[in-house]
Protein chains: 2
Amino acid sequence: MNRKIKLLDIAEALGVSTGTVHRALHNHSGVSPMTKTRVQQMAKHLGYRPNLAARYLSSKRNLRVSVNTLHGTTSFWDEVRAGINEEAHALVMENVEIEYRTYPRLGEGEEEAFAAALKSGVDGIITFPSRPQALHSCMRRASRNNIPVVCVATDAPNTGRLAVVSIDTLASGSLAADLMGSFLGGKGKVAVTLSSLAITEHAEKHNAFASTLQSLYPQMQLQEAVEDHDIESEAYEKSIDLFRRHPDLTGIYVTTEASIPVLNAARDAKMLDRITFITTDLFPSLVPEIRSRAVAATIYQRPRTQGRMAFRVLHEFLVEGECPSFQVTLAPHLVMRGNLDFFLKRQSLESTPKLATRQQSTSPELVEYFG
Amino acid sequence: MNRKIKLLDIAEALGVSTGTVHRALHNHSGVSPMTKTRVQQMAKHLGYRPNLAARYLSSKRNLRVSVNTLHGTTSFWDEVRAGINEEAHALVMENVEIEYRTYPRLGEGEEEAFAAALKSGVDGIITFPSRPQALHSCMRRASRNNIPVVCVATDAPNTGRLAVVSIDTLASGSLAADLMGSFLGGKGKVAVTLSSLAITEHAEKHNAFASTLQSLYPQMQLQEAVEDHDIESEAYEKSIDLFRRHPDLTGIYVTTEASIPVLNAARDAKMLDRITFITTDLFPSLVPEIRSRAVAATIYQRPRTQGRMAFRVLHEFLVEGECPSFQVTLAPHLVMRGNLDFFLKRQSLESTPKLATRQQSTSPELVEYFG
DNA sequence: TTTACCTTCGTTAACGTTTACGGTCCGGCC
DNA sequence: GGCCGGACCGTAAACGTTAACGAAGGTAAA
C-alpha cells in the first residue's frame, strides 16, 4: 500500500485545484461535465479514499438522527436505546446528536412521530415499524427525500428503507423446534403463539419452527398457530381455548413478548406442569417463571446489540455514503435457568449510565458484559 | 450542553497558550508542576473532551498493534483475526496497522513472538496466552513499558494485562449443565472433558457445570474431570479408559476444541448412541457429528466477536487513554442441528473479504450476519 | 561579565477537507 | 463599447490538535 491519496494528489495529477476535485466528487454544481468525469476517473484510478478525520474536523454540520421507539420502560426498548447510545459514543467523534421520539402504544402516534422527525429535517431515522402498513407512506416519503431509515426488530418491506436489523428468524424458530423436540423426547403435540401472521418475522419464525420440527422430529404434531395481535386478553382467551381443545398438549413456543398471559392460562387450566414452554425475550416478570422452570427456555433477542447494529449501519451510511449491509441478522441467545443469572447481571449493569462506569476507574475490577 | 470546549478555551481561561495546555494534559515535559495542575483542574472544570478528529488528523504517528495467535487455518483463530480486522476497519480512520505474528503449536514460539513484538516497538498487543506461565515474564515486561496487552479467550492473571476478552465461563458451564439435565430427563451419569484444571477458564467452566448440575438436577452424578492437556491422543486414550470404567455413562460435556477424539473413542467403544454429547466451538469436522445428532449441542464461543471486542478495547485505550472495561465476557451461542445452517452460512460469508462485499453493491439484497 | 545550558512557555506550521468568496472568460443585452 | 449575468474554477481561511522551533528568564560554570 502506497502513501495515502488525498485531494491534492488528484488535483495535481489533472492540473486543477482541490476545490474543483471536491465539487466533482460530491456532485456539486459549478463544474463542467467534462472535468467532473475526469476527476472521478482519476480518483478511482488512484484509489482515493477520503480522510474521515479531516472531513469531520472541517464540516461543522452535525448529523441528527431520530430514534422512534415505544415509550415507557419496556425492557426491550430501553435496551435498544441503550445500545444505540453506546455505539454512538464509541464510534463517533461527537458530531451526532440523537433525538428520541416515543409513542405510547403500538400503532398509536407512530406515524406522527415519523412525520415529525421528517419535518424537523433529521439526517436519518431508526424506527420500529410495529404497523408496517401504517408507516408505509411515511417511509416512502423519506425514501424519496433520501433520508435513510433503519428498521429495528421488524422489517417494513417495499418502503425503500435503508436496512433492517433483526434476530435471524430462521435460527430462532429452528432452535426452538430442536429444543422442543429434545426436551420432549421427540414426541408430543405442540403449538405456536404469535402476534400475527401478517408480520413477516413472526410468519418466518413459525415456518422455521414447523419445518424443523417436521424434518427432525417427524413424530411430533404441530397445531395451527394462535394469533394474539399483541393484545394480552386475546392471548389469554385464545390460550384457554387452545388448552380446552387440546388437553394433551405438551409444548408451546411463544414467539411474542406476551408470554405471561399464556402462562397464566396454562396455570388456570391446571396444565402448567404438563407443558414445556419456550418463550421469547427476557423481562422482569418472566424471571420467576424461568426460575420455577415453568419456562424451560427463552430466546433472547439481544435488543442492546440490535440497537448497536442499527446505529452502526446508519452511521456508516451517513458518513461513508455506502451501506455495509441491507439486512443484519443476529443469532439469538438461549436463556435457561442455568445461565439466567448471567443475563440478569448483564441487564443490571447496563442500566447504569455509561459515563458513571467510565469515571469510577478507581475500581479496576469492574466487569462489563456485552451481548 | 454548551459549546464544545477546546484547548484554546482552557488556555484563554488561564492566560496561557494552547501548547502549554497540551503539554500539561499529556504529562509531557516542560511544564511547571504548578501550571500543570492548574490546567488539569480547569480542563476538568470546563468538561474538556478532546476532539478525536483533530487529533487523528494532526498526529501522523500511526498505531501499530501486534496480533499473536496460533498459526494455521484453525477456524477459531481465523475468525478471531477476521473480527479484529473488521473492527479495525470500522472504528478507525486508517492510521492503525496490524501485524500478525503466529506460532505453529501451543506453547511453541509463543514467547518468542511476544518478545519480537515488544522489540519492534508496537503500541499494543493482542494475544492468546495458551501457556500463561510461559508468557508471564514477557507480559510483565510489557506492563512495565506501558505497552497494553489484551488477552483473548484465556486470561493471564497477575501479569498487568490491560484487559481480557472471553466467553463467560459461568454462563457456558451452567448452560451446558442445564441442557444436559434437560436432555437426559434429570438423571444419569455424566462427565466433563477439559484441557487442564490449571487453566482458569476450564476450571471455572467445570465448576459452573458441577454446581449447576448439583443444584438443578441433584439426582445426576458427575464423574471426576478428564484432563487431555490439548493432546488428541491423550484425549482418546483417557476417553476409552473413562468409558471402560463407566459403561453406564450417559452424557459428556467437552469444554475443549478436542471433541473429535472423544467422539471417536465413544464410537470405538460402541457407546456413541447411548451418550449425549455437548461440545464446544464449531469447526468443519464437527458439522457432520451435529447433523447426525451424535452431538446434541455445541457451545459456540463466538471467536469473531471476541476478536472485535479485543481490538475495540485496545483501540479505545490507545486513543482515549482509558480502558472501557478490564474484563469483557460474552454470552456463548448454542448451536444445535436446527440452527446449524445459520452459523455455517455466517462463517462462509465472513471468509469472503470485506472489500469484496463493499464493492458489489450492485446486488443490494446481500445479507450479512453478525455474531 | 560572558558563555553555556536548562526550564518554562509562546508561536506557528502542518494534517486533509470543506466552503465562502472572488476571479476569469464568454455570450448577449442596452 | 459598456454592462450584466452565468458557468466554471482557483484561493484561502477555517476546523482543533500536535509537535517542532525559538524566545525569555534564570542558574551555574568559565
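Predicted model: local features only at pLDDT ≥ 70, side-chain atom pairs only at ≥ 80, totals over all residues.
**Chain A overall**

Chain A holds 15 helices and 14 strands. Of its 371 residues, 46% are buried. Contacts in chain A between residues at least 6 apart in sequence join residues at least 24 apart in 68% of cases. Confidence in chain A averages a pLDDT of 86, with 89% of the residues at 70 or more. In residues 351-371 of chain A the pLDDT falls below 50, and this stretch makes 29 contacts in the model beyond near neighbours in sequence.

**The surfaces near the DNA strands**

DNA strand C is surrounded by 26 residues, and the closest are A:K6, A:L7, A:S58, B:S17 and B:G19. Two or more residues of this surface come from each of α2 (18-25) and α4 (52-58) of chain A, and likewise from α2 (18-25) and α4 (52-58) of chain B. The element that gives the most to the surface near DNA strand C is α4(A), with 4 residues. By class, the surface near DNA strand C has 7 nonpolar, 14 polar and 5 charged residues.

Around DNA strand D there are 26 residues, of which A:S17, A:G19, B:K6, B:A54 and B:S58 come nearest. At least two residues of the surface near DNA strand D are supplied by each of α2 and α4 of chain A and α2 and α4 of chain B. Here the largest share, 4 residues, is that of α4(B). The surface near DNA strand D divides into 7 nonpolar, 14 polar and 5 charged residues.

**Helix α7 of chain A**

Helix α7 of chain A covers residues 132-144, which makes 13 residues. From its first C-alpha to its last, α7(A) reaches 18 Å, close to the 18 Å expected at 1.5 Å a residue. After α7(A) comes A:N146, with a positive phi near 60°.

**Helix α13 of chain B**

How far apart are the end C-alpha atoms of helix α13 of chain B? They are 25 Å apart, which agrees with the 26 Å that 18 residues (303-320) should span at 1.5 Å a residue. Because 13 of its 18 residues are buried, α13(B) is largely enclosed by the rest of the structure.

**Loop residues**

Most residues other than glycine have a negative phi. A:N27 is not a glycine, yet its phi is positive, about 60°. A:N27 sits in the loop between α2 and α3 (33-46) of chain A. In chain B, B:K270 is likewise not a glycine and has a positive phi of about 55°. The loop that holds B:K270 runs between α11 (259-268) and β10 (276-280) of chain B.

Two further loop residues lie in chain A. A:A269 is placed in the loop between α11 (259-268) and β10 (276-280) of chain A. Leaving aside residues up to four places away in sequence, A:A269 touches A:I240 and A:F243. A:A269 and A:I252 are 17 residues apart along the chain, and 14 Å separates their C-alpha atoms. A:R293 is found in the loop between α12 (287-291) and β11 (295-300) of chain A. A:R293 and A:R337 are 44 residues apart along the chain, with their C-alpha atoms separated by 7.1 Å.

| Residue | Other C-beta atoms within 10 Å | Class |
|---|---|---|
| A:N27 | 9 C-beta atoms | exposed |
| B:K270 | 9 C-beta atoms | exposed |
| A:R293 | 15 C-beta atoms | partly exposed |

Note on methods
Residues numbered from 1 in each chain as written. Chains lettered and ligands numbered in written order. Near = placed C-beta within 6 Å. Nonpolar A, V, L, I, M, F, W, Y, C, P; charged D, E, K, R; others polar. Contact = placed C-beta atoms within 7 Å. Expected span 1.5 Å × (residues − 1). Buried ≥ 20, exposed ≤ 12 C-beta atoms within 10 Å, placed from the backbone. pLDDT = per-residue confidence, 0-100.
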